[in-house]
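This report goes through one protein model part by part. Please keep the sequence and the 3D view open while reading.

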Amino acid sequence: MSLSQKRSYKVNILGAGVSGLSTALALLEKKNYSVKVYATHLPSDLNIDYTSPWAGAHWRSYADIADLAQQELDTATFNRFVHLADTEPKAGVMYLTGHDFWDVKPKNFEDPWFKRLVKNYRHLSKEELPPGVEFGITYTTVSVHAPKYLKYLQEQILARGGTIERATVPSLKSLAQIPHSPDGSKADIIINCSGLGSRNLSGVHDHQMFPTRGQIVIVKVPDSLWPKAKQFTMERYAEGSAMGTGTITYVIPRENGEIVLGGTMEHWNYHEAACEITTKAILKRVVATKPDLFSNATILRSCVGLRPNRRGGVRISATVEQFDWNEGWGDSKVVVVAHNYGHAGFGYQASVGCAAKVVEQIEGCLQELDRTRASSRTMAKL
């Protein structure tokens, strides 16, 4: 039996987006962690800095064929979403048919690695392609109603004894100092899931983080078209790279009847207000791709969020570190400090896998944590 199974550990998590909530749930499912989540923004909030509610989330992996680590994260997430689509209506996950369209077929195209994971994968015939599209693939995938899924995660955390509180935490040190229990005892583990906030979070100051503004349009189609529209999701790439470059157009239905249309990728743009010209351009591109579904769509609202992009990719790590509450005068605190942030626009597609990975790294630190604490207590007695 490992140390992590012999005792319970107290955990403070910063951030209540899909990464923070997924990490909290992954810990609580192991039953030997007491978990508290702190965040400026909580599910049901709408703010440009709170990216997760704005997501038009459907599962489509962008991992390179050789990137086995990313494939593992995406696979774990896909499998969980499939389970939820089969068993849990409250989660807001549903099956639908995915389409990837390329205006210009990528040179030396290789079938994506997830061909072996999804069902019904095939290349589209010329007759099935929209005007101006040279190549396409289709497969069965899932979409996630992002706001509903966040509330589902929140409910699951609370049902397992976790807590979620609104708080603005300025530093890792502050996160470690928040009393975790009524007796005033502090956390054994702190986890930073603050997304773009990691750029300015004291103790992190990760300047590899930068915002990528995304504008979406949420629409409804006539009721007569909804049965067909709810089964259709797509991404259309204006240029021919395997991941798509230039303009990307996408359609992602939610199980409540809304359909998310996108989009934009504007690095370092913090502008909060939706642009009417951009809204019209997005709708025009979508209608040109699928006029039978969207020619008579009704615009409900246009929304803007900031994707938490990171040069070098996602940061998932855990180390044993020592804080000093009194600026060098003793009473030091040894904790596991973990990070799970920097997911750009792909937070949902890898959320479950990333949460499992950071928990795995945390558990790999627990023996060192206990040894270091024991050594620290011994030194304090000398």
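## Terms and model

Helices (H or I, at least four residues) and strands (E, at least two) are DSSP runs, numbered from the N terminus. Contact means heavy atoms within 4.5 Å.

This is a predicted model, in which local features need pLDDT of at least 70 and side-chain atom pairs count only at pLDDT 80 or more, while totals for chains, interfaces and linings use all residues. Residues are numbered from 1 along each chain as its sequence is written, and side-chain values use heavy atoms, with hydrogens and water left out.

## Helix α9 and helix α2

Helix α2 covers residues 18-28 and helix α9 covers residues 351-363; they pack at an angle of about 55°, and their axes are 8 Å apart. Axes here are lines fitted to C-alpha atoms, for helices over the stretch in contact, and angles run from 0 to 180 degrees between N-to-C directions. α2 and α9 are therefore oblique to each other. The scheme is that angles under 35 degrees count as roughly parallel, over 145 as roughly antiparallel, 65 to 115 as roughly perpendicular and the rest as oblique.

On the α2 side, V18, S22, T23, A26 and L27 take part, and they meet S351, A355, V358 and V359 in α9. Sorted by class, this contact has six nonpolar, three polar and no charged residues. Ala, Val, Leu, Ile, Met, Phe, Trp, Tyr, Cys and Pro count as nonpolar, Asp, Glu, Lys and Arg as charged, and the others, Gly among them, as polar.

## Helix α9 and helix α3

Helix α3 (residues 68-87) also meets α9: the axes come within 6 Å and cross at roughly 120°. That makes α3 oblique to α9. From α3 the contact uses L73, A76, T77, R80 and F81, and from α9 it uses S351, V352, G353, C354 and K357. By class there are five nonpolar, three polar and two charged residues in the contact of α3 with α9.

## Positions listed as binding site

In an unreviewed entry, UniProt lists Y250, R307 and G345 under "binding site". UniProt positions are given in the numbering used here, feature names are shortened, and annotations may be inferred rather than shown by experiment. Y250 sits in strand β11 (residues 248-253) and is buried, with a relative accessible area of 11%. Buried means under 20% relative accessible area, exposed over 50%, and partly exposed in between (1.4 Å probe, protein chains only). Leaving out residues up to four places away in sequence, Y250 touches several residues, including G262, G263 and R307. G345 is in the loop between β16 (332-341) and α9, and G345 is partly exposed at 47%.

The unreviewed UniProt entry also places "binding site" at T51, S52 and V169. T51 belongs to the loop between β2 (33-39) and β3 (57-58). Apart from neighbours within four places in sequence, T51 is in contact with L306, R307 and P308. V169 is in the loop between β7 (163-166) and α5 (172-177).

## Backbone exceptions

Most residues other than glycine have a negative phi, and most peptide bonds are trans. A cis peptide bond joins G262 and G263, with omega about -5°. G263 lies in the loop between β12 (259-262) and β13 (266-267).

S44 is not a glycine, yet has a positive phi of about 95°. S44 is in the loop between β2 and β3 and counts as exposed at 55% relative accessibility.
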